[in-house]
Amino acid sequence: MQEEHPRAPSDEVLAGQAVYNRLVLAGYDQFVLGLSCRLLWRCPKRHMLDNYHRNVGARHLEFGTGTGYFLDRCRFPARRPELTLVDLNPTVLRVSAARVARYEPAVVQADVLQPLPFDEGKLKTGHYDSAGANFLLHCLPGSWQEKGAVLANAAAALRPGGRVFGSTILSSGVQVSAAARRLMAVYNARGIFHNTDDDLAGLRWQLDKRFTDIRVTVRGCVALFEATNPVPESAGH
Ligand SMILES: C[S@@+](CC[C@H](N)C(=O)[O-])C[C@H]1O[C@@H](n2cnc3c(N)ncnc32)[C@H](O)[C@@H]1O
């Protein structure tokens, strides 16, 4: 197999993660996950937590970890889950790893839009029971084809039958209130969001390319998704 070397992240990619400094992270749970989710995106955070409860496995890989709120609050199906955190922002990694320190997480600083450094020590292919990407895709620049790189990384990381899940804020194919549309425009102009072309059909298309048993639930302008990594046809025969 040809070796792929990660490129330096583009300015747009860097802008999408740079906003999460200590100050923003200190208010994130209350203002983003509390107020914005409920009042603007119209998807209270309990729906995302339910998504974790339905899908999180004992060996879990999390992309775009933020404050670690959901990892801290969710019930893992094991007392000592194996947890790996991937984010481009070192402050985010420090904050989220500290929050779930009881699970002794492994930490990987990487751009999820590029092939991840599998089999270089901390990340393994075909290994994880679940991969989470919550509120991540709308932060990433590019078309659905480019954002699909995250799902390709998840598919490579998951064991056959493993689960990918998460949520993302869409701008079309869903109901967006006038207030939500205004805030989205501000965030897109500042490079915090990159979701002006993100529609529901594109998300389904990218999931369909790689996974089976796909479930996408729309609440407000948030799409919650969950899907299974296909089991190779020969397995189990
Ligand atoms: C909106 S926050 C979501 C945090 C958390 N998953 C949640 O649901 O609250 C987006 C996260 O993705 C990370 N991120 C953004 N772009 C990234 C990239 N290209 N590669 C890896 N992480 C990225 C940010 O640093 C941040 O932690």
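Let's start with helix H1. Val13, Gly16 and Gln17 are buried in H1. Buried means 20 or more other C-beta atoms within 10 Å of the residue's own, exposed means 12 or fewer, partly exposed is in between, and the C-beta atoms are placed from the backbone. Seen down the axis of H1, the buried residues fall within an arc of 85 degrees, so they line one face of the helix. That arc is taken over the directions from the helix axis to the C-beta atoms. Asp11 and Glu12 sit on the other side of H1, and they are exposed. Here is the general point: an α-helix has 3.6 residues a turn, so residues three or four places apart point the same way.

Some housekeeping. This is a predicted model, where local features need pLDDT of at least 70, side-chain atom pairs count only at pLDDT 80 or more, and totals for chains, interfaces and linings use all residues. Residues are numbered from 1 along each chain as its sequence is written. Helices (H or I, at least four residues) and strands (E, at least two) are DSSP runs, numbered from the N terminus.

Now the ligand. Which residues come nearest to the ligand? Of the 22 residues around it, they are Gln17, Gly64, Gly66, Asn89 and Asn134. Helix H1 (11-18) and helix H4 (69-73) are the elements that give two or more residues to this shell. The largest share, three residues, comes from H1. Near, here, means that a residue's C-beta atom, placed from the backbone, lies within 6 Å of the molecule or strand. What is the shell made of? It divides into 13 nonpolar, seven polar and two charged residues. In this count Ala, Val, Leu, Ile, Met, Phe, Trp, Tyr, Cys and Pro are nonpolar, Asp, Glu, Lys and Arg are charged, and the others, Gly among them, are polar.

Next, Thr67. It is found in the loop between strand E1 (59-63) and H4. Thr67 has 21 C-beta neighbours inside 10 Å, so it counts as buried. Arg22 is 45 residues from Thr67 along the chain, and their C-alpha atoms are separated by 9.7 Å.

On to the strands. Two strands pair if DSSP finds at least two bridges between them. Strand E2 (residues 82-87) and strand E3 (residues 106-109) run parallel, joined by four bridges. Val86 has Val108 in E3 as its bridge partner. With helix H5 (residues 90-99), E2 and E3 make a right-handed β-α-β unit. Right-handed means that, with the strands pointing away from the viewer, the path from the first strand over the helix to the second runs clockwise.

Then strand E7 (residues 222-228). Six of its seven residues are buried, so E7 is largely enclosed by the rest of the structure. Strand E5 (residues 158-169) pairs with E7 in the antiparallel sense over seven bridges. Val218 is partnered with Ala223 in E7. The hairpin of E6 and E7 has two residues between the strands, and Gly220 takes a positive phi near 60 degrees.

Last, Val176. It lies in the loop between E5 and helix H7 (178-189). Is Val176 buried or exposed? It has 20 C-beta neighbours inside 10 Å, so it counts as buried. Val176 and Cys221 are 45 residues apart in sequence, but 5.5 Å apart in space, C-alpha to C-alpha.
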